[in-house]
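Subject: Structure for you to look at

Hello,

I am passing a structure on to you, with notes on what was found in it. Please keep the sequence and the 3D view open while you read.

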Amino acid sequence: MRHLIDPTDLTVEETARIIALAEDIIAHRDKYREACKGKKLATLFYEPSTRTRLSFTSAMLELGGEVIGFSDAASSSVSKGETVADTVRVIRCFADIIAMRHFKEGAPLVASQYAGIPVINAGDGSHAHPTQTLTDLLTIKREKGRLDHFTIGFCGDLKFGRTVHSLIKALSRYEGIEVILISPEELRLPDYMLHEMSAGSCLRFREVRTLEEAMPELDILYMTRVQKERFLDEEEFNRVKDSFVLDPEKMAAAKSDMIVLHPLPRVNEIARAVDNDPRAAYFRQVENGKFVRMALIHTLLEWAGDNRPFERTPVFGEEFVTEGAACPNARCIAATEDVDPIFRRGSDGVCRCAYCEAKAE
Ligand code: CP
């Protein structure tokens, strides 16, 4: 059974096929009106969402399928203490495919172990957001005409920004990409990602502290919101919340064909005055999210019918370890639910929790 838990669960070829299908859906909407007739999508959202949940809903409806689910876990039996594993064992009786967003890192991976139907990670804590990555890749392809040979700047909250983590991981498999990481010290990309980028990927990267020093080089600027909900200390949030604001003055230093992406929602990191700049692609990006989710649902249901095997090739090289390690991450699903301990040892020899990628103890 194929799931999408991490962006690298799809090979580069499979990713290209889903992007090509999304482009075909855009060009021939009528052809797909009944593509998922008789199928049901369950949207299990334990954390707030506007774009992801509604674009999944809209995607399934436009494919002729139906949608069930919840957008507030408090209204489900989760509030009585039901586990993720039990919840999806129940949902599989009612639906053909699941899209799950959860505040606990690794929850969708647990769901995929028990569901018996395809599970899509719609965002787990600050860990991963693979369907946002597909959205970003489709947008880059449509706006720039390619998925390689460009310079991309990631700006803002690189520590908690799951969309950044997933997109960097996906881009590490394409050639000629230079990454510029623009963040305050407190919001740097997690160490494990910096390490993986330097040890095992073909990405070239460097870190800077101001947007101004990166701006003239960029083909793509990926802005992010500082994720208030992930901070344990409000004072620390207040110190970094306004670190970067993109405004017309900064845009003046950028290339004429640079594009600005943002997974949204934004707070104040992009001034409203930038919205009318043709290089602001973030609302076009939202619409691409619906088309690429249509392509993904269609593909995963087809693969479930064919019993297609998992073809994942590890990006950085790894082996699985099941004993003698513990996950120290309080945000991991392993901290609150009784899950099988699974760890991966990467090519760097470091053992990490398979659910959240925290370094094992
Ligand atoms: N980009 C994104 O995940 O938005 P939502 O939180 O509104 O789903």
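Arg2 is buried in this predicted model, with a relative accessible area of 1%. The cut-off for that word is under 20% relative accessible area, so a value of 1% puts Arg2 in the buried class. In the chain, Arg2 sits in the segment before helix H1, which spans 12-27. Two partners of its side chain can be named. One is the side chain of Glu14, with which Arg2 makes a polar contact of 2.8 Å. The other is the backbone oxygen of Asp9, which the side chain of Arg2 reaches at 3.1 Å.

His3 also lies in the segment before H1. His3 has a relative accessible area of 12% and is therefore buried. A polar atom of the His3 side chain lies 2.9 Å from the backbone nitrogen of Val119. The His3 side chain also reaches the backbone oxygen of Ser112, at 3.4 Å.

Next, the ligand.

Which residues are around the ligand? They are Ser49, Thr50, Arg51, Thr52, Arg101, His129, Gln132, Pro263 and Leu264. Sorted by class, this shell has 5 polar, 2 nonpolar and 2 charged residues. Arg51 has a polar side-chain atom 2.9 Å from an oxygen atom of the ligand. For Arg101, a polar side-chain atom likewise lies 2.9 Å from an oxygen atom of the ligand. At Leu264 it is a polar backbone atom that takes part, 3.1 Å from a nitrogen atom of the ligand. On its own the ligand has 260 Å² of accessible area, and the protein covers 91% of this.

Arg101 is found in strand S3, residues 97-102. Its relative accessibility is 6%, so Arg101 counts as buried. Arg101 and Glu82 are 19 residues apart along the chain, and their C-alpha atoms are separated by 16 Å.

Leu264 comes up again in the backbone. A cis peptide bond joins Leu264 and Pro265, with omega at about 5°. Pro265 has its place in the loop between strand S9 (259-261) and H11.

Now the cavities.

How many cavities of 30 Å³ or more are there? The count comes to 5. The second largest cavity holds about 80 Å³ of space. It is lined by 13 residues, and those closest to its centre are Arg51, Gln132, Thr135, Gln285 and Val286. Arg51 and Gln132 are also among the residues around the ligand. By class, the lining of the second largest cavity divides into 7 polar, 4 nonpolar and 2 charged residues. Helix H2 (51-62), helix H5 (130-144) and helix H11 (282-306) each supply at least two residues of this lining. H11 gives the most, with 5 residues.

Some single residues remain.

His149 has a phi near 55°, a positive value in a residue other than glycine. You will find His149 in the loop between H5 and strand S5 (150-155). Is His149 buried, partly exposed or exposed? At 46% relative accessibility, His149 counts as partly exposed, because exposed means over 50% and buried means under 20%.

Glu357 is not a glycine either, and its phi is positive at about 70°. Its place is in the segment after strand S12 (351-353). Glu357 has a relative accessibility of 9%, so it counts as buried.

Val88 and Ile98 are 10 residues apart in sequence, and their C-alpha atoms are 8.4 Å apart in space.

If you want a place to begin in the viewer, go to Arg51, which has a side-chain atom 2.9 Å from a ligand oxygen and is listed with the residues closest to the centre of the second largest cavity.

Regards

Conventions
Residues numbered from 1 in each chain as written. Heavy atoms only, no water. Near = heavy atom within 4 Å. Polar contact = N/O pair within 3.5 Å; in protein donor to acceptor, adjacent residues only side chain to side chain. Areas by Shrake-Rupley, 256 points an atom, 1.4 Å probe, with all protein chains shown as cover. Nonpolar A, V, L, I, M, F, W, Y, C, P; charged D, E, K, R; others polar. Helix = DSSP H or I, 4+ residues; strand = E, 2+ residues; numbered from the N terminus. Buried < 20%, exposed > 50% of the residue type's maximum accessible area, 1.4 Å probe, protein only. 1 Å grid on protein atoms, 1.4 Å probe; cavity = no way out; pocket = protein on both sides within 12 Å on 5 of 7 lines; lining within 4 Å. Points joined across faces, edges and corners; volume = space filled by probe spheres on them.
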